Amino acid sequence: MANPFTLQVHYWFRGDDYDTSGSFSGWSTLSLKVECVDLTVGCSADRKYVTMDVGDWNDGEWVNWNLSSDEAAAIQQPEKVLRNLFVLRGSALDDFNRPVELDSRTRPGFRCDSADYFAGAPKACVFTDVIPHLNYEYGQGYNEVVDHIKLAHLNPGATHPPRPGKLIPGHWGGIPNSAGLNRVPYGLDTWTKNRDAKDTACRTLPPKQPGQECDEYPFATTVQGDGNFSVKYVNGGQNGLAGNALQT
């Protein structure tokens, strides 16, 4: 589990079954550990090998390791980003004390940062093999915002302001290199530019009804937009709820 509040990744392991053959039995020794590999700068584990008889790994108890990311080792500023890979590694001794080294075939990645300009999670880690995404769902109190985003993704030509060949980014297309959105700090230059463009476009909409607010997509807190964006009046309360979901 990548921790959303600290610069750590928590790894749990337990065995649910085992088979032995040859010179191995349930009394043979198996040691396991989780460690950073390849990209190791700033990455450390809180414990080394955990050693038990093979049969004891099957007792249903969880064994855990914590991987920590040291922001002081980060070069990228101001977010203090570090990227690492980790692996489950093992060492076994058969009944004649002959060693066999074990290594998992996968190298999952994780990224930690200290981007304190994002509300709620000034220090956090995420798994880089998972594509970051945000789900806006019907029934959560902001249906009008969901409808706006759906229109922007599926029929950008029907959105405001009009623009020939408008293509609005951010729609998950089912492949890893689908055009996504990149977040920017709230209140800084890019955000201010996006907000001003949004306000200008909102002033060209028909008069809003009481209780409505002008919603923009892509969000002002993203790099994307640059003319390929949409504005639409939505219920103000729903717009607020959707904004709260974006902050987390």
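Start with who touches whom in this predicted model. Take the contacts in the protein chain between residues with a separation of 6 or more: 65% of them join residues 24 or more positions apart. So much for reading along the sequence; let's look at what the chain is built from.

There are three helices and eleven strands in the protein chain. Now for the overall form. The radius of gyration is 25 Å, while the globule rule gives 18 Å for 248 residues, so the protein chain is more spread out than a compact globule. You can see this in the box that its C-alpha atoms fill, roughly 85 × 35 × 30 Å along the principal axes.

Next, the interior. In soluble globular proteins, nonpolar side chains tend to be buried together. Here, the largest nonpolar core has 21 residues, and Val-34, Trp-65, Leu-67 and Phe-110 have the most contacts inside it. The elements that give two or more residues to this core are strands E1 (8–13), E2 (29–37), E5 (63–69), E6 (82–93) and E8 (109–113). E2 gives the most, with four residues. Apart from this core lies another, of twelve residues, including Tyr-142, Ile-149, Tyr-217 and Val-234.

Leaving aside residues up to four places away in sequence, Leu-67 touches Leu-7, Gln-8, Val-9, Val-34, Cys-36, Ser-44, Ala-45, Phe-86 and Phe-110.

Finally, jump to Thr-222, in the loop between strand E10 (212–217) and strand E11 (230–235). Is Thr-222 buried or exposed? Its relative accessible area is 5%, and buried means under 20%, so Thr-222 is buried. And which residues does Thr-222 touch, not counting those up to four places away in sequence? They are Leu-181, Asn-182, Arg-183, Val-184, Thr-190 and Asn-194. For a sense of distance, compare Thr-222 with Ala-72: the two are 150 residues apart in sequence and 27 Å apart in space, C-alpha to C-alpha.

Technical notes:
Residues are numbered from 1 along each chain as its sequence is written. This is a predicted model: local features need pLDDT of at least 70, side-chain atom pairs count only at pLDDT 80 or more; totals for chains, interfaces and linings use all residues. Side-chain values use heavy atoms; hydrogens and water are left out. A nonpolar core is a set of buried Ala, Val, Leu, Ile, Met, Phe, Trp, Tyr and Cys residues joined through side-chain atoms within 4.5 Å. Buried means under 20% relative accessible area, exposed over 50%, partly exposed in between (1.4 Å probe, protein chains only). Contact means heavy atoms within 4.5 Å. The radius of gyration is taken over C-alpha atoms; the globule rule is 2.2 Å times the number of residues to the power 0.38.
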